[in-house]
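This report examines selected structural elements of the model shown below.

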Amino acid sequence: MTNHGRCLLAALLLLAGAWVNASPILPRSLLGHTENIVVLPQGRVFLASDRGIYEIKRTLDLDEACDYDAVSGLTACLQVDNHYDNGRCFFSGMTTDGHHLYAACTIWYPWLIPLGRPRTAALYKVTPGASSADQVQIQAFADPVWYNGMTMLDDRTLLLSASSYGTALGFDGPAISKLTITDPLNLSFELEDWLARRPGMLMPNGLLMAEGELYFIGGQTLFRIPVRDDGSAGAPELLYRTPWYRVLDDMTWLAGELVLAEIAGINGLGKNYLTYFDPLTGHYRRQDSGPIQVSSLAVDLGNVSVPGVLLATSFFEGGLHRYDP
């Protein structure tokens, strides 16, 4: 083989290697456009979608709420549909207290979608059932805001990233809001600003609590925010910034590293990555995520695939995907 041939073979092998660790699990045709993914402590996997909230599982379920995918051998059960307020809402932010799911569902005025200005929005509290939800509580937000990232501060308090306030004309609100549930039986709650917007926090998005600190994605930046004893926000520390032509979306925690969804601003005009970032040292490494603009990440405990692999959703390409770290 000539040197030119060897170089070509090596290049092809490197290109193939970039794809070995990634594979689609369930298609957009089954799940739609997908957003936040949540894994409960016992391993159950749920994801938010423009069609509702799905549970993904290996076990066959013949309930009418479930669809079996013969290619993957997985079952997708629609725990909660997207019908709300005489329309269809989009589930974006979602988190869990370990037993229930909390999710935000939003309906936009069609002509204001580019500005992120919703017509209505609501908080959902879901008690998952075997195939469909055992109980769903819904409470409207008095001021409709597109809440995207969500995490639990404690068992009655949620932090919500206010993505509406990072869009073209929406610079008048907080980066992060705090939601305190005052009456769990009726899902009554109070909202207050938790972190003010500031430069570098365009499009507030992913939130992740870890060891008393909040990791927060603000468009192209990753911040670490200490949580004070009274639950208020300390001073944000900038940890990482992506180049102007890429955007950070969401993250998860894996073996002492944050795994960041770092996506091309325009798919096809730049690469999409999973970025493994060590917040102690600032060191990072990247894994090509192929043509998928990842929206949310979670570590599988074995209910869908192999324990320890990354499960990923995509608002743009839809479906459910797997990445081997």
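How many bridges join strand S26 (residues 310–313) to strand S27 (residues 320–323)? Four bridges join them, and the two strands run antiparallel. The model is predicted.

## The S26–S27 hairpin

Strands S26 and S27 form a hairpin in which six residues lie between the two strands. Within the turn, glycine 318 has a positive phi of about 75 degrees.

Four strands make up an open sheet with the order S21-S22-S23-S24 and antiparallel pairing. S21 and S24 stand at the edges with a single partner strand each, so one side of each is left without a neighbour in the sheet. From one strand to the next, the twist averages 25 degrees. Strands of a sheet pair through backbone hydrogen bonds, in either a parallel or an antiparallel arrangement.

Strand S23 (residues 273–277) pairs with strand S22 (residues 257–264) in the antiparallel sense over five bridges, and leucine 258 has phenylalanine 277 in S23 as its bridge partner. Five bridges also join S23 to strand S24 (residues 284–288), again antiparallel. On that side, tyrosine 273 has aspartate 288 in S24 as its bridge partner. S23 and S24 form a hairpin with six residues between them, and glycine 282 in this turn has a positive phi of about 80 degrees.

## Burial of strand S23

Is strand S23 largely enclosed or exposed? Five of its five residues are buried, so S23 is largely enclosed by the rest of the structure. In a regular strand the side chains alternate between the two faces of the sheet. In S23, Tyr273, Thr275 and Phe277 point one way, while Leu274 and Tyr276 point the other way, and all of these residues are buried.

## The sheet S17-S18-S19-S20

A further open sheet of four strands has the order S17-S18-S19-S20, with antiparallel pairing. Its edges are S17 and strand S20 (237–241), each with a single partner strand, so one side of each is left without a neighbour in the sheet. Neighbouring strands of this sheet are turned by 20 degrees against each other on average, with direction ignored.

The pairing of S17 with strand S18 (residues 213–218) is antiparallel and extends over five bridges. Here proline 204 stands opposite glycine 218 in S18.

## Disulfide bonds

A disulfide is a covalent bond between the sulfur atoms of two cysteines. With a cut-off of 2.5 Å between cysteine sulfur atoms, the count comes to two disulfides. When the bonded cysteines of the protein chain are numbered in sequence order, the pairing is 1-2, 3-4.

Cysteine 66 and cysteine 77 form a disulfide with their sulfur atoms 2.0 Å apart. This link is right-handed, with 105 degrees about the S-S bond. The pair links distant parts of the chain, with cysteine 66 in strand S5 (residues 66–69) and cysteine 77 in strand S6 (residues 74–81), eleven residues apart. Because buried means under 20% relative accessible area, cysteine 66 counts as buried at 9% relative accessibility, and cysteine 77 counts as buried at 0%.

Cysteine 89 and cysteine 105 also form a disulfide, and their sulfur atoms are 2.0 Å apart. The torsion about the S-S bond of this pair is about 90 degrees, so the disulfide is right-handed. Cysteine 89 belongs to the loop between strand S8 (87–88) and S9, and cysteine 105 to strand S10 (residues 101–108); the pair, 16 residues apart, links distant parts of the chain. Both cysteine 89 and cysteine 105 are buried.

## The second largest pocket

About 620 Å³ of space lies in the second largest pocket. This pocket is lined by 24 residues, of which Val39, Thr95, Thr96, Leu208 and Thr252 are the closest to its centre. By class, the lining has 16 nonpolar, seven polar and one charged residues.

Which strands each supply at least two residues of this lining? They are strand S2 (34–39), strand S9 (90–96), strand S13 (147–154), strand S17 (204–210), strand S21 (246–254) and strand S25 (296–299).

Technical notes. Residues numbered from 1 in each chain as written. Predicted model: local features only at pLDDT ≥ 70, side-chain atom pairs only at ≥ 80, totals over all residues. Heavy atoms only, no water. 1 Å grid on protein atoms, 1.4 Å probe; cavity = no way out; pocket = protein on both sides within 12 Å on 5 of 7 lines; lining within 4 Å. Points joined across faces, edges and corners; volume = space filled by probe spheres on them. Nonpolar A, V, L, I, M, F, W, Y, C, P; charged D, E, K, R; others polar. Pairing = 2+ DSSP bridges. Axes fitted to C-alpha atoms, helices over the stretch in contact; angles between N-to-C directions. Buried < 20%, exposed > 50% of the residue type's maximum accessible area, 1.4 Å probe, protein only.
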